[in-house]
Structure formats: C-alpha cells, structure tokens
Amino acid sequence: MKIKITGTGSYIPERVISDKYFELHQFLNEDGTPIKQSNEVIIKKFKAITGIEERRYSESHYNTSDLAFLASQKAIKNAGIDPETIDYIIFAHNFGDVKFGSVQSDMIPSLASRVKHKLQIKNPKCVAYDLIFGCPGWVEGVLQANAFIKSGMAKRCLVIGAETLSRVVDDHDRDSMIYSDGAGATIIEASDNETGMLSYETASYTEEEAGFLFYGKSYHPGLDQNTKYIKMYGRKIYEFALSNVPTAMKSCLDKSGIAIEDVKKILIHQANEKMDEAIIDRFYKLYDKTAPDNIMPMSIHDLGNSSVATVPTLFDLILNGQIKDHEINKGDILIFASVGAGMNINAFVYRY
C-alpha cells in the first residue's frame, strides 16, 4: 500500500511586502550597534543571496489558524471529499496564533482543533493535533499520515502547514526580511496503484545543531528584553544544510529504486535561493551528475519564506499552473525535501 495526495489547497495573503518596505528600517548588529552599510546595500545583498524580492504578510484580521482553514477548505474541495470522513488533522506550525499587534503566542486549544471547529467537522473520531517540527513540519506530517494509513489507524488525513512569521520577527534584525506568511494544505489517502509515496527519510540533529534557530531578544537594547523573536545563525544553517540535506535526499532516492535521471521535479523548502541551488547541485554531484535545467521550481522570489507552508504551497501552485515554466504530469517522479529548526531534515520520493 502507498499513500497519495488527493487534494491540495493554499492561502497566499494579499498584502504584498516589497523590499522597499525595509528601506527605513534601523538594522542593528547582534550587540545592538548600527550596521555600517546603508539599507540600500543591505537590501541589495539580501536579494542577491536569498532571491527574495517580495513576501506576503497576513491580513491583520487573520491568524495562522485562519490561513490554515482557508487552505484546508480548498484542499477538501479539490479532493472532492466529505470533511466528516477525515480521520486525522495534522497541523504543522511553530508559533501558534499570534494576533496582529501582539507578541504572545496562543496554542490552547490546539490550532488543529481550531481548524476542525472552523470546518464544522462534528465527528469526534476525527483527531486533531499540532506538530512542531520547524520548517520540515508539513513533510513530517505527511510521513505521519503515511504511518497512520498503513497501520490501519486512518483512511484519510488532512495535513496542513501554516505560519504567520511576520508577527514573530525582530524589525532590527536584517534576517527579518526572509520571513513571510501563508498556508498550504493537502488531503492524504491510501493509493491502490503505482502513484504515491515511494520512500522517505527523516532525521533530527540535536547536538550542537539544536540552537541554530531559536527564540531570542531584540537587537535593539532599548526594547523589552523579555520579549522574544525568531533568530537564527544563518551561516551555520547554510553549512549544515549543504552537508546533510543532499545525503538525506540521496538515501531517500536510493531506497525508492528510482534512477536520478527519472526525477522530474524537486520541491524543496523555500528558505534561501542560493542555499537551495547549492543543495541541488551537491545532490546531483553525489551521482556524478549535473543538475538539469528547470528541475527546481521556486516561489521564494514573490512569496518569501513561510516556513512549513512553502512546500505544500509550491506544490499547489504548480498543479494550478501558477509557477511559470513548471508543470507536473501523470507519472512524474518528484522529491519533496525540507530542512529547519531542530535541526530537522526530511524528504520523500513521490510518483504523481
């Protein structure tokens, strides 16, 4: 038995934040001193490395669970199912609902429970829970759905990735320009044919890597030091990802029995364009190959890094013809992969 994705949906906020938004920001070093470069230079270098020109911030009246609900509605409609037949709702996020203008996270009840409530699912045997796994959360949710379905505990799962990172960033940290908001959702069911998940790989590195992404104080010494924001050691993450993600992807592909030449698309977490390009380059070099053109669709240029939402959103956009020069056809072999806080890495090979 295999599992397959039978429905997809995404919610992309309407509020577009261009690089110009940051031109008047006061960017500081970690010690609180001003960065010597002008904002124009900082923004230019940021764009060259990450590829991000625009990102999306949620409308003020929506929270993370609202974005997830809107994406889930679309996935359910796309799959053509009765939501009462969903056995599990697995909601990957990292910071809960953070209301606009607030810094406090709200996770009680669980965001998955909130989505179930908004969907008006009455079936008590539809189990709803949250998954905190960093940026690879949606991929991990799919792997958990796979386990539930193969074990006989479920026949149908709703797996969601959603986040409003714009509400947990330090405006004085230049890394804040990376983050964005959004949601992607998928319906996962058993597959009786050759389509679906062929193999997977997942791992957590928690020795020195555990603190590469963390909650830390603002770089501005005049702000409340008890208020915490998302922080990261970008160089360490970059080096970690390049050392570990390609080998995880290779292990996953080798377990599937699929040849590297047969892979049509690699849908990787939209974290940083240069990092993603380097990961794909190293992955192909493990096979003594050169990465083919157009193998890696990207949405980061316009949507930024919405953490757990990037991969399911990218998949949904491609299927709906909204990523230029990219399409997925029946029988295509895909690799889904992600890396993020934990540090966690995961991947799965999928025949569409």
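**A helix across the sheet**

Modeller: Helix 4 (residues 137-151) lies across strand 1, strand 4, strand 5, strand 6 (156-164) and strand 7 (181-191), and its direction makes about 165 degrees with strand 6. Helices (H or I, at least four residues) and strands (E, at least two) are DSSP runs, numbered from the N terminus. Axes are lines fitted to C-alpha atoms, for helices over the stretch in contact (heavy atoms within 4.5 Å), and angles run from 0 to 180 degrees between N-to-C directions.

Colleague: Which strands does helix 8 touch?

Modeller: Helix 8 (residues 310-319) packs on the sheet and touches strand 1 and strand 7, with its direction at about 85 degrees to that of strand 1.

Colleague: Before we go on, where do these values come from?

Modeller: This is a predicted model, in which local features need pLDDT of at least 70 and side-chain atom pairs count only at pLDDT 80 or more, while totals for chains, interfaces and linings use all residues. Residues are numbered from 1 along each chain as its sequence is written, and side-chain values use heavy atoms, with hydrogens and water left out.

Colleague: In what order do the 5 strands of the open sheet run?

Modeller: The order is 1-7-6-4-5, with mixed pairing, where two strands pair if DSSP finds at least two bridges between them. Strand 1 (2-11) and strand 5 (127-131) are the edge strands, each pairing on one side only, and neighbouring strands of this sheet are turned by 20 degrees against each other on average, direction ignored.

Colleague: And how many bridges join strand 4 and strand 5?

Modeller: They pair in the parallel sense over 5 bridges, and Ala92 stands opposite Leu131 in strand 5.

Colleague: New topic: what kind of peptide bond joins Ile108 and Pro109?

Modeller: That bond is cis, with omega about 0 degrees, and Pro109 is in the loop between strand 4 (88-92) and helix 3 (111-118). The bond from Gly342 to Met343 is also cis, with omega near -10 degrees, and Met343 is placed in the loop between strand 12 (333-340) and strand 13 (344-351).

Colleague: Why point those out?

Modeller: Because most peptide bonds are trans, and most residues other than glycine have a negative phi.

Colleague: What is phi at Asp288, then?

Modeller: Phi of Asp288 is positive, near 60 degrees, and this residue is in the loop between helix 6 (273-285) and helix 7 (300-303). Asn294 is also in the loop between helix 6 and helix 7, with a positive phi near 65 degrees.
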